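Work through the exercises below with the sequence and the model open. Each task is followed by its solution in steps.

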Protein chains: 2
Amino acid sequence: MSNPPKHLVIFQPSGRRGEVVEGAVLLDAARDLGVEIESICAGQQTCGKCKILVEEGTFRKHGIQSSPAHLSPMGETERAYWERRKNTGHGYRLSCAATVRGPLLVTVPEESQARKQIVRKGATERVIELDPAIRQYYVNITPSTLGDDRGDWELLQAALRDHFGLTGLRIDLPALRTLQDTQRAGQWGVTVSVWSDQEVVRVQPGYAEGAYGLAVDVGTTTVVAHLCDLRTGAVLATEAMMNPQVPFGEDILSRITYIQTHPDGLTKLNGAIVEGLNKLATRAARRAGLSPDDITDVALVGNTVMHHIALNITPLYIGSAPFTLATHDPVDVKARELGLTTLNRCAWVHVLPCEAGYVGADNVGVILAEEPHHQDKIVLIIDVGTNGEILVGNQEHLLSASSPTGPAFEGAQIAHGMRAAPGAIERVRIDPEALTPRFRVIGDDRWSDEMPPAEIQAAGICGSGIIEVVAELFAHGIILPSGKFNPETPSPNFRRTARVGEYILATPDQTSTGREIVVTQNDIRAVQLAKAALYAGAKLLMARRGVDRLDRVILAGAFGSYISKEHAMLIGLFPDCDLDNVYAVGNAAGDGARIALLSRAKRREARQAARWVEKVETTIQPEFQTEFVAALNFPHAGDPFPHLEGLLTGARHKDAA
Amino acid sequence: MSNPPKHLVIFQPSGRRGEVVEGAVLLDAARDLGVEIESICAGQQTCGKCKILVEEGTFRKHGIQSSPAHLSPMGETERAYWERRKNTGHGYRLSCAATVRGPLLVTVPEESQARKQIVRKGATERVIELDPAIRQYYVNITPSTLGDDRGDWELLQAALRDHFGLTGLRIDLPALRTLQDTQRAGQWGVTVSVWSDQEVVRVQPGYAEGAYGLAVDVGTTTVVAHLCDLRTGAVLATEAMMNPQVPFGEDILSRITYIQTHPDGLTKLNGAIVEGLNKLATRAARRAGLSPDDITDVALVGNTVMHHIALNITPLYIGSAPFTLATHDPVDVKARELGLTTLNRCAWVHVLPCEAGYVGADNVGVILAEEPHHQDKIVLIIDVGTNGEILVGNQEHLLSASSPTGPAFEGAQIAHGMRAAPGAIERVRIDPEALTPRFRVIGDDRWSDEMPPAEIQAAGICGSGIIEVVAELFAHGIILPSGKFNPETPSPNFRRTARVGEYILATPDQTSTGREIVVTQNDIRAVQLAKAALYAGAKLLMARRGVDRLDRVILAGAFGSYISKEHAMLIGLFPDCDLDNVYAVGNAAGDGARIALLSRAKRREARQAARWVEKVETTIQPEFQTEFVAALNFPHAGDPFPHLEGLLTGARHKDAA
């Protein structure tokens, strides 16, 4: 017996190559060589996920003479597939149908590459292997005949085992309830969504590609949801809303107090966030042209109090020492058990782990997104929000803490504050000579002095705008290092009031309400308290970590636009650092939720990281109060802010876009 | 180094013995010798489950000189335990506290024997090892301190691991929600109920012995629930009700039709049984002095249609060939998912497997209860009900089938029929000379002729009464073998009507309504149809099994009193068998549910048996119709009923209690 001949096969773009025995199915050959090609119909030539192109010609660089004729000719099934899609003659072949007959240079198009990677552009670019909890399988089932005692579920199990080697599966009851109708509607061809290789959560008639998940960040003030395609990692829609718990208390302590003093407090707060999440899911699904019923998985982060309330667990024990959580482990639970009834009836929710009573799953999300535990450099990460969270350290030793920032940076407790939404002032510049302002609102790319006042329609100031206006006021001497308005300010926008003063940011003709938008002395005080809390927390962690300088600072936050790092540095939001090494990255906690949604490996990593990081309860340390008081003023250039000097000068003249 | 001395220790009543090293804890020594002693506090001397007695004296038979002084003296903790219970001086010791110092003859009292056994008195007595899904553990938890980041659940997990070696547990969300309050209410001592070594389903403050489950048989006409103590196997309460689905259709086919013809049909029928089960659970719990919240496990049986409707799955596909079920496997599901909201919020339901589209979980229950699959003898088991089920065979080959009996034997479709409840006539005798009746009603031990008529308060006839009255009428010639009334009957109770006739069983002064209770020609016809269906099904299975005689017949049924086997034989309910080998066993399906409730091993056995038994769809076999028609008449003595002759004579004179 002679051995069958072998042929060189090379796959692009990976460059993987090998000798393949004649007659081998190309899809199998690819897998043997470690090339991951999509396929959800298990070689039944129906899903088309495994399509490839074969190059024609001699490729010296690769040492190969390739031709589409080196594949077996198209059979009837494959031809029918391409004809149904009116896609014949473009050279595509189904790699599950074609066998090898000669040397091949194969291009695997982007959409056929399995385990595609998404890139997060944070402080550092990085890639994540897609490994979502939900995977889809298309199967043809052999229906039952008289004398075959098997039920529909046993028939489906047999098909999944035979075609995909899936064993030990269970089926969620709501999916079982519709299984018989579905299998007949699909004429015994169904698309099955399986959660964590364990449970069938959705059965759809026929071939129905598409699995979707929701990444949710429940902030104290802002709730953000990203609707993601679980097969590509793409964000299809992002929706945000004010946390509907805000009317019950603006920060976590006041919400705990509400629950403590109202017998139905937890029920009300839980009901509010559950209703809010249902709305967000519906809005996100609609925006993406989907139904909320298409959402079969959720990853959720939030600080510990938001975490407990969302799970309908009382946060009372988090409110006082020893700040004990009900659980710090990740929680996997059915969406319906949480009241998330607009989602698919069998959808799962993965709630990321908490670190300690005072550092929550949102901080774990930040770790997943920024990966300080994989880095050499000493990094400070500040997640700016009503409940600010801070990380200091590197892969050797990482510390975390929370800081009661207050909602100023989210636009609350500010006279004309609002959340980041169309009409919110998000950028502010003050002219160094005239000391008059110009600004930009969310939803319009023009500055206020580049457009007719009536078109501006400013509605308020959001977090990034608040940081910028206070920094600009300080940089131009309109407020003093103590935070007080300079009563001698020679600006037409400065108005001295009875005891203090205020600065007119938008005139009535520029606003949607027809009334001025002003910055008050109280607003500035709120910003001072907030930034001092973050600064003091960071200093405390640095001392604990034994470092007196930072290699890198990352500013994260869920409130719309990225923070201007220059302005944040101007007001002393964080300890000194070379501005080139300061990054503003947006909603890192939400990105962490998205990463956990897309990768089971990252869920496991999150659990380990949550246990490994050292948690510090900063606010009960005596040094905290000292640092906090010292940080209330705005910083002078020079020690301890050597990097501030150039910036102060620069800021006066800078007009960065 | 010399080895420590060893002493002979003998445990009663098991007789297990062995040499035990001095200083060993007696509880450990018992376990090493295979003697199972209860203990739920893991040797903390708090639960008292492990108490034992040591005999004093020389026991020649055992070759031992035993003394309580051969145990270590009582420590303070143990003394405090007995004093709290005012139970000092009775010689009991805690085996978890006492160590061995000399030879011991130990008596383990009944209540300290772990894995106690229950006895089912069916056709054969048998014992079952208690191995319920719910097990309880008492633990003391080390509370969290400042700097310990663990949540309450992680603290509980650590305690369960350290004291009982339990690992990999999860906790159901409703239990997690109350965990923090509970652990503090119990001052960090809690009793934990764990389901299937996997999930914490209940946490109670302090030491709270007691785990309870419900065994449910959902019959087409009658629903029965047994509330059981999961630690002893004892039935604490039994409650029954008419299936609230009866108004929607009296048999399974008419209920399928209802669902087919009403868009909300399934919702209504499911809602009816769910509401009924909630009521039964509450009633059973109250009767046992418990709360339905104490019920943490349920085992449920029913025919395939009742099974599907209870799970809120449409039974439509069971209604026509190939009679495919949604699933034939056992289903483990949360009670709350089924709407059983009166039970403990974390309670589980185990639904026994079905065999095929036409043989359900109730028949699997019968198999568990009667164990034909463990026997040599060829047995016929008839589960008499609206949907009768039949088993024929032995451990080598067992066949099952269902038979559409109709509800006559459950008192429905009978002029004065009623379900087995107080006031129902359950026993009937007819005087051979006067041809007048006497009877007994449920709730009174006296016969009707032994009491003043006004005290009788008969309300109707239940299943066992219907069988008896028809058999008596036939045995005394009042009805002919064809089923027709003998128009010449010389009885004051026989009334000839226009076309047929009727027999007056109770006179107006004997009934609660003040109206007669009569047996009509239609009633007799309904009994003929029902018994012929069972007989024909049994004959068909015997032919398939290749046997023409039965070693044993078992009559089971959920309708109150046991069937009188003599009367059942008289009307030809089953093929001929020596009356000594005929047994009436009551509700075997319900007993099977109880066995599954108490034993996980039996759940596994049920799954295997359900797959192994050969299912026969009798009604579509052509022979069925022939056998059915042939069986409509009442049997003559002689072939094929050699055992009937003596009985016919005997019955005329018999007045068994």
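The exercises cover strand pairing and salt bridges.

This is a predicted model, in which local features need pLDDT of at least 70 and side-chain atom pairs count only at pLDDT 80 or more, while totals for chains, interfaces and linings use all residues. Residues are numbered from 1 along each chain as its sequence is written, chains are lettered from A and ligands numbered from 1 in the order in which they are written, and side-chain values use heavy atoms, without hydrogens and water.

**Exercise 1.** Determine in which sense S1(A) and S7(A) pair, and find the residue opposite Val54(A) in S7(A).

Step 1. Strands are DSSP runs of E with at least two residues, numbered from the N terminus; two of them pair if DSSP finds at least two bridges between them.
Step 2. S1 (residues 6–12) and S7 (residues 104–107) of chain A are parallel, with 4 bridges. Phe11(A) has Val106(A) as its bridge partner in S7(A).
Step 3. S3 (residues 51–54) of chain A runs antiparallel to S7(A), with 2 bridges. Val54(A) stands opposite Val106(A).

**Exercise 2.** Characterise the salt bridge between Asp172(B) and Lys334(B).

Step 1. A salt bridge needs a side-chain nitrogen of Lys or Arg within 4 Å of a carboxyl oxygen of Asp or Glu; here the closest N and O atoms are 2.9 Å apart.
Step 2. Asp172(B) lies in the loop between S11 (170–171) and H4 (173–185) of chain B, and Lys334(B) in S18 (residues 331–334), so the pair ties together parts 162 residues apart in sequence.
Step 3. Both Asp172(B) and Lys334(B) are buried (under 20% relative accessible area, 1.4 Å probe, protein chains only; exposed is over 50%, partly exposed in between).
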